[in-house]
Amino acid sequence: MRLGTRRSKLAMAQSAVVADAVSKVTGRPVELVEITTYGDVSREDLAQIGGTGVFVAALREALLRGEVDFAVHSLKDLPTEQPDGLVLAAVPVREDARDVLVARDGLTFARLPEGARVGTGSPRRMAQLNAYARDHGMTIETVAIRGNVDTRIGYVRGGELDAVVLAAAGLSRLGRLGDVTDFLSVDTVLPAPGQGALAIECAADNADLVAALGELDDPVTRVAVTAERSLLAALEAGCSAPVGALADFPRALDSGRAGGTSTAGAQIVKEMRLRGVVGTTDGSTLVQLSTTGPVPETHDQARALGRELAAEMLAKGAAGLMGERAH
């Protein structure tokens with residue numbers, strides 16, 4: 001079987017893990033097919049070229065043309081609208097959803113020097129980092145950057161930046177957690193909707209493959225990211241908008257990963273908390289809300305939860321904080 005993947009080290013690493021799992025489920029070999037996306041070759045700002053969805057379009061086109069049998073995406077890069085002809089067949093167990101800091105001299109975020117230059121390509125991170133700094137009497141400068149993990153960490157190693165912010169899950173999949181100098185609490189920086197989770201997509205009419213890939217689906221992760229992405233969709237925001245969202249299971253967090261979900265904890269989890277944040281990139285204004293209730297039993301219930309919290313956020317002024325609305 002042919003698995004479509006982006007060419008980056010991170011995409012190849014996470015696709016290789018999925019390929020191995022699919023091969024075990026089906027008993028068939030899986031070949032990685034590398035596909036270059038516009039997001040990989042363009043150096044323009046993501047928000048200007050269509051957000052992180054630019055990493056997905058070429059993979060989806062290859063699927064629809066039958067050039068690959070299934071594709072693996074970072075779920076946070078996936079637009080909320082599902083195209084005709086394709087189905088999200090599986091969302092495996094989520095990795096750590098948190099953001100992390102890679103800083104010079106082993107510094108934590110709280111110990112960054114006055115005026116520290118912190119690199120990130122994410123308006124969401126900028127908004128929350130700047131708001132946290134403002135609230136805690138810190139002065140930082142957030143710097144817009146692009147590039148793969150090596151490039152971004154290279155800005156710190158080369159002295160151009162004091163720190164960069166990356167996703168814990170990506171560094172974990174690359175075996176690079178040793179570079180992390182601080183794990184940022186989700187109370188400080190709420191992750192992107194779907195962060196830490198993978199999406200496995202295939203043609204909707206291939207029932208046998210949909211069923212086989214479904215073996216890798218984690219129901220607890222799926223219900224959490226469904227609520228997060230529903231909130232994002234209801235805000236009418238694109239993947240690159242300054243929106244953070246996380247659905248987690250407060251009673252399960254003591255024994256699990258922060259923001260994570262696991263099948264092992266599914267039996268004891270009774271409640272799900274959904275949090276959302278929207279802010280201006282300078283951190284001067286944030287709208288943060290949360291809701292807690294019974295764990296949704298269906299995807300429709302999870303979507304409804306996301307829509308309800310989004311409606312509350314919009315009523316509090318979230319729409320005016322997102323810049324240009326996605327259409």
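1. Arg125 sits in helix α5, which covers residues 123–135. The model is a predicted one. Arg125 has a relative accessible area of 7%, so this residue counts as buried, the cut-off being under 20%.

2. Beyond its neighbours within four places in sequence, Arg125 is in contact with Asp99, Thr120, Val165, Leu166, Ala167 and Gln195.

3. Asp99 lies in strand β5, residues 99–103. Its relative accessible area is 0%, so Asp99 is buried.

4. What does the side chain of Asp99 contact at 2.9 Å? The partner in this polar contact is the side chain of Arg124. A polar contact of 2.8 Å also joins the side chains of Asp99 and Gln195.

5. Residues up to four places away aside, Asp99 touches a list of residues that includes Arg124, Arg125, Val165, Leu166, Ala167 and Ala168. Phe183, Leu184, Val189, Pro191 and Gln195 are also among them. Phe183 is 84 residues from Asp99 along the chain, yet their C-alpha atoms are separated by 6.5 Å.

6. Now the aromatic rings. The count comes to one aromatic pair. The ring centres of Phe109 and Tyr132 are 5.5 Å apart and the planes stand at 45°, so the pair is tilted. The pair links distant parts of the chain, 23 residues apart: Phe109 is in the loop between β5 and β6, and Tyr132 is in helix α5.

7. Are the two partners buried or partly exposed? Phe109 is buried, at 3% relative accessibility. Tyr132 is partly exposed, with a relative accessible area of 23%.

How values were computed: Residues are numbered from 1 along each chain as its sequence is written. This is a predicted model: local features need pLDDT of at least 70, side-chain atom pairs count only at pLDDT 80 or more; totals for chains, interfaces and linings use all residues. Side-chain values use heavy atoms; hydrogens and water are left out. Helices (H or I, at least four residues) and strands (E, at least two) are DSSP runs, numbered from the N terminus. Buried means under 20% relative accessible area, exposed over 50%, partly exposed in between (1.4 Å probe, protein chains only). Contact means heavy atoms within 4.5 Å. A polar contact is a pair of N or O atoms within 3.5 Å; within protein, one must be able to donate a hydrogen and the other to accept it, and residues adjacent in sequence count only if both atoms are side-chain atoms. Rings of Phe, Tyr and Trp (its six-membered ring) pair if their centres lie within 6.5 Å; planes under 30 degrees apart count as stacked, over 60 as edge-to-face and the rest as tilted.
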